[in-house]
Amino acid sequence: MATVTRLFDSHTQALDAVSKLEAAGVSHDKISIVSNNADKWHSGTGNHNAGPLGDRNGDGENDVADGAGKGAATGGVLGAGAGVLAGLGMLAIPGLGPVVAAGWLASTAVGAAVGAAAGGATGGLLGALKEAGHSDEEAHVYSEGVRRGGTLVSVKADGDDAQRLQTILDGSRGFDATTRGEAYRQSGWSGFDAAAQPYTSEQIELERAKYR
């Protein structure tokens, strides 16, 4: 079984991608999401005013945090049925800081049940990506992407289904490791360092601005 992963610059793009995957018939137990939470877009408590992202209807309330905090079908807001998004929970992973995560990749990264606060082993996401079948280079780029404010969506693909899943994720404005890795290296980056300080919300905003 292959693993298809893409990096998204915003939480909302990634959440839309997850909804499209589920709408396309992909079982939610094959989908995983790991998202930087330095800007507190998801409070983990059901706080309606947790942040500016996830506000699909423009009423100033964080619809994603609302649904996930209640354990409800967040996908109902995003146009898909109940699935992996309903299980979003707060986690702490060294080198990344606070993250919102759900699914099999997150479970592997922290060695604990998804949705519970837990401290992961150093480089937990890096190791989980490699275990899922990604190369060392891909794992470093994707881990660094989360550190810089991004969101990973990873999908387990059966047989020849990988191309179909890639098309869905690419069409949702996801980036592969080759494209984003080249951009990182242009600024002198050489690899993910789990001992490095996580990006601040201000640094993340500057980073996202580069790719708009």
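**Figure 1. Arg212 and Glu205 pair in a salt bridge.** In this predicted model, the side chains of Arg212 and Glu205 come to 2.5 Å, N to O. Arg212 is exposed, at 67% relative accessibility. Glu205 is partly exposed, at 38%. The pair is one of eleven salt bridges found in a search of the whole structure. Side chains of opposite charge can pair when their charged atoms come close.

**Figure 2. Lys130 meets Asp136 in a salt bridge.** The closest N and O atoms of this pair are 2.6 Å apart. Lys130 has 38% relative accessibility, so it counts as partly exposed. Asp136 has 42% and is also partly exposed.

**Figure 3. A salt bridge joins Arg185 to Glu137.** The closest N and O atoms lie 2.4 Å apart. This pair links distant parts of the chain. Arg185 belongs to helix α8, residues 177-186. Glu137 belongs to helix α6, residues 136-147. Arg185 is partly exposed, at 37% relative accessibility. Glu137 is partly exposed as well, with a relative accessible area of 36%.

**Figure 4. Five charged side chains form a salt-bridge network.** The members are Glu144, Arg147, Arg148, Glu207 and Lys210. Two of these names return in the next view: Glu144 and Arg147 are among the buried residues of α6.

**Figure 5. Helix α6 is largely enclosed by the rest of the structure.** Nine of its twelve residues are buried. They are Ala139, His140, Val141, Tyr142, Ser143, Glu144, Gly145, Val146 and Arg147. What covers these residues? The cover includes strands β1 (2-8), β2 (31-36), β4 (97-102) and β5 (151-157). Helices α5 (124-131) and α8 are also part of the cover. The length of α6 fits expectation: at 1.5 Å a residue, twelve residues should span 16 Å, and the end C-alpha atoms are 17 Å apart. After α6 comes Gly149, with a positive phi near 105°.

**Figure 6. Leu129 is a buried residue of helix α5.** Its relative accessibility is 0%, so Leu129 counts as buried. Leu129 touches Ala139, Tyr142 and Ser143, among others. Leu129 and Thr3 are 126 residues apart in sequence. In space, their C-alpha atoms are 9.0 Å apart.

**Figure 7. The structure holds one cavity of 30 Å³ or more.** The largest cavity has a volume of about 50 Å³. Which residues line the largest cavity? They are Leu7, Asp9, Gly145, Arg148, Gly149, Gly150, Arg180, Tyr184, Glu207, Arg208 and Tyr211. Helices α8 and α9 (201-210) each supply at least two residues of the lining. By type, the lining divides into three nonpolar, three polar and five charged residues. Arg148 and Glu207 of the lining also take part in the salt-bridge network. Gly149, another lining residue, is the glycine of positive phi that follows α6.

**Figure 8. Ser172 and Arg173 sit in the loop between α7 and α8.** Are these residues buried or exposed? Ser172 is buried, at 6% relative accessibility. Arg173 is exposed, with a relative accessible area of 55%. Ser172 touches Phe8, Gln13, Ala17 and Lys20, not counting residues up to four places away in sequence. Arg173 has a positive phi of about 75°, although it is not a glycine. Most residues other than glycine have a negative phi.

**Figure 9. Helix α1 covers residues 11-23.** Its 13 residues should span 18 Å at 1.5 Å a residue. The end C-alpha atoms are 18 Å apart, which agrees. The buried residues of α1 include His11, Gln13, Ala14, Leu15 and Ala17. Val18, Ser19, Leu21 and Glu22 are buried too. Gln13 and Ala17 are also contacts of Ser172. An α-helix has 3.6 residues a turn, so residues three or four places apart point the same way. Gly25 follows α1, with a positive phi near 95°.

Conventions: Residues are numbered from 1 along each chain as its sequence is written. This is a predicted model: local features need pLDDT of at least 70, side-chain atom pairs count only at pLDDT 80 or more; totals for chains, interfaces and linings use all residues. Side-chain values use heavy atoms; hydrogens and water are left out. A salt bridge is a side-chain nitrogen of Lys or Arg within 4 Å of a carboxyl oxygen of Asp or Glu. Buried means under 20% relative accessible area, exposed over 50%, partly exposed in between (1.4 Å probe, protein chains only). Helices (H or I, at least four residues) and strands (E, at least two) are DSSP runs, numbered from the N terminus. The expected span of a helix is 1.5 Å times one less than its number of residues. Contact means heavy atoms within 4.5 Å. On a 1 Å grid over the protein atoms alone, a cavity is a set of points where a 1.4 Å probe fits but cannot get out, and a pocket is an open set with protein on both sides within 12 Å along at least five of seven lines; lining residues have an atom within 4 Å of a point. Grid points are joined across faces, edges and corners, and a volume is the space filled by probe spheres set on the points. Ala, Val, Leu, Ile, Met, Phe, Trp, Tyr, Cys and Pro count as nonpolar, Asp, Glu, Lys and Arg as charged, and the others, Gly among them, as polar.
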